[in-house]
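The sequence and structure come first.

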Amino acid sequence: MTDTTDLNSRDTFFWLCRLDKASTVMTVEEGIAPREVGARTAAAIAKVVSDAEAPGADRPTDYLQVEPLVRNLVGPDSSRIHSGRSRQDMLPTVYRLLLRDRLVLVHRALGELRTGLLALAERYGTAIVPAYTNGVQAQPTTFGHLLLGYEATLRRSALRLAEAYPRVNRCPLGAAALATSSFPVNRVRLAELLGFDEPVQNSFDAAQLSPIDIGFEVAANAMTLALSLGTFVQDVHAQYHHSRPWITLDNTDLLSPSTLMPQKRNPVALNRARLLASEVIGDGVSTALAAHNVCSGLTDYKRAEAQRTLDRTLALLGEVHAIVGGMRLDEEAALAEVRSDYSTTSELANVLQRDCDVPFHIGHRFASALVTYGRGGGLTVERLDFAEARRLYREIAVEFDGVDGELPLTEAQFRAALDPVDMVASYRGLGGPQPAEFRRMLAEAQEAVRADASWLDAVAGRLSSAEAALEASFGELAG
């Protein structure tokens, strides 16, 4: 799973110092600060950064605490790099940089989870499983088909995150409090040095408005992802109510024994993932509430709510990735569960219309009567008596003028229509579980994952190049 340890070092202090590095380079280039002052200031910033990397060292998160560390080494001249700058534009810039780091990591972790789902789908592409609507078995399908459906929801979340990235990756720095300043601050250069695509154009928007919608957009995307993952986890969890679940977790780290009941192997990983999904949604709501009914210019919405939402999303993705990696399908149990109920009877109505020209309404009435009869007698689909089926059909047929009372199917055709394997093989619709459609959708999903990985690699490459360029310019200045 994606390594998130770098987030510990790329904290608020890290980014405040990066802003100081970029401002030092820019102010010297624009003549706002003399090169000699810039050089001494750069050396001081480098020392402050180095000192903070020592074990147990303080890493302040308020610029009012960071700035004196540099000033104590240089004197008041160091304040020249703060020309045309304010905590009002610095804080939204740090806010975006923290979000950018996490958005990239979430997108990468999401790609790894999708890859795991697709590998599982390929492994169980033709395995018959029950599927449900209203909590009741509805139609048989394949496990591969269901997994491709889950992946499709995650692919949309990946697209939303990728679409949000260009809006996140715009730089507020240089807007000052909200209206810029009389200094010739080069906002384009600041954006370039910090790896942003461009500045936020309107300086009032940059410092005071954009943190509201940008933060919530990212948090809302995380909430949407959590909704999808929560559904997946709940669907897996629901079938654990059965005495013979067909989806199992084979990794002991995902299970826990009961302290009282020796037969239990509790799927605690599902519990952890469900709770994390709820917490992501709660964090996202907190992001909205922190900005709700707040005047522009306040700090309420320039805090860590959206960042915390993405941190929790990373934990959620890690948990679900582990679940998928430990997931196994008992194909016999899944097929037995399908055959224990009557979800194939809709195909009986389909066959009567498609092959025998019996209107669907009549076929549906007959199939429903068959279900009532079978359940009343405690019979499975396979144990239905063909003679009784013919009798029921005659009873239904007399309700309709001009309908022949004889069931127009042989017993072999009747049994085949109720067989889940034959039913799944008969599907023809776009996006269904039939082999040709499954292979088409699997290939499209695999290509989408590769394309997203390529986009992410390009983003990471640009960010890495920007960081290297800043370090080179800053290092040259610091000597």
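Thr287 lies in helix H9 (residues 268-291); helices are DSSP runs of H or I with at least four residues, numbered from the N terminus. This is a predicted model, in which local features need pLDDT of at least 70 and side-chain atom pairs count only at pLDDT 80 or more, while totals for chains, interfaces and linings use all residues. Residues are numbered from 1 along each chain as its sequence is written, and side-chain values use heavy atoms, with hydrogens and water left out.

Thr287 has a relative accessibility of 6% and therefore counts as buried (under 20% relative accessible area, 1.4 Å probe, protein chains only). Its side chain reaches the backbone oxygen of Glu305 at 3.5 Å. Beyond neighbours within four places in sequence, Thr287 is in contact (heavy atoms within 4.5 Å) with Gly215, Phe216, Ala219, Glu305, Ala306 and Thr309.

A nonpolar core is a set of buried Ala, Val, Leu, Ile, Met, Phe, Trp, Tyr and Cys residues joined through side-chain atoms within 4.5 Å. Two are listed here.

| Core | Size | Residues, among them |
|---|---|---|
| Largest core | 67 residues | Phe143, Phe232, Leu316 |
| Another core, apart from it | 37 residues | Phe14, Ile32, Leu97 |

Leu316 touches Ala226, Leu229, Ala273, Leu276, Ala277 and Val280, residues up to four places away in sequence not being counted.

The contact between helices H2 and H4 is made by Phe13, Leu16 and Asp20 of H2 and Tyr63, Val66 and Val70 of H4.

Notes:
Helices (H or I, at least four residues) and strands (E, at least two) are DSSP runs, numbered from the N terminus. Buried means under 20% relative accessible area, exposed over 50%, partly exposed in between (1.4 Å probe, protein chains only). A polar contact is a pair of N or O atoms within 3.5 Å; within protein, one must be able to donate a hydrogen and the other to accept it, and residues adjacent in sequence count only if both atoms are side-chain atoms.
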